[in-house]
Amino acid sequence: SKNWWDLGWGTDEPQIYGVIRNIGSKAGISQVSEMYWNTRQSDLLGDLKSELNEAELAQVNQIITTFV
């Protein structure tokens, strides 16, 4: 089974936004970031920054700021 971050080449921004929304909490984001590191030995935020432009990163940040 594939992880959501192993979906293939290219960046599907709407899918990233949907996944972030589905995580639903700041604690969940932390858990996903830790799992990402443990699986890939790479930083999730750093990888998102390399894949998304400034407006797309702002969209991700906007989603996360709505979380408790």
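I take helices (H or I, at least four residues) and strands (E, at least two) as DSSP runs, numbered from the N terminus. With that, I count four helices and zero strands in the chain. From the N terminus on, the order reads α-α-α-α.

**Ground rules.** I am working on a predicted model, where local features need pLDDT of at least 70, side-chain atom pairs count only at pLDDT 80 or more, and totals for chains, interfaces and linings use all residues. Residues are numbered from 1 along each chain as its sequence is written, and side-chain values use heavy atoms, with hydrogens and water left out.

**Whole chain.** I looked up burial next. Buried means under 20% relative accessible area, exposed over 50%, partly exposed in between (1.4 Å probe, protein chains only). Of the 68 residues, 28% count as buried. The accessible surface (Shrake-Rupley method, 1.4 Å probe) comes to about 4900 Å². Carbon and sulfur atoms hold 51% of that surface. For contacts I use heavy atoms within 4.5 Å. Among contacts between residues at least 6 apart in sequence, 70% join residues at least 24 apart.

**Core.** A nonpolar core is a set of buried Ala, Val, Leu, Ile, Met, Phe, Trp, Tyr and Cys residues joined through side-chain atoms within 4.5 Å. Which members of the largest one touch the most others? Of its 13 residues, they are Ile-16, Ile-20, Val-60, Ile-64 and Phe-67. Helix 1, helix 2, helix 3 and helix 4 each give two or more residues to this core. Leaving aside residues up to four places away in sequence, Ile-64 touches Ile-20, Lys-26 and Ile-29.

**Pocket.** A pocket is an open set of points on a 1 Å grid over the protein atoms alone, where a 1.4 Å probe fits, with protein on both sides within 12 Å along at least five of seven lines; lining residues have an atom within 4 Å of a point. The second largest pocket has a volume of about 180 Å³, the space filled by probe spheres set on the points. Helix 1 (13–23), helix 2 (26–40), helix 3 (44–51) and helix 4 (54–65) each give two or more residues to its lining. Helix 4 gives the most, with four residues. Ile-20 and Ile-64 are among the lining residues.

**Two single residues.** Gln-41 lies in the loop between helix 2 and helix 3. Gln-41 has a positive phi of about 50° although it is not a glycine. Is Gln-41 buried or exposed? Gln-41 is exposed, with a relative accessible area of 52%. Asp-12 sits in the segment before helix 1. Asp-12 is partly exposed, at 41%. The C-alpha atoms of Asp-12 and Glu-51 are 9.7 Å apart.
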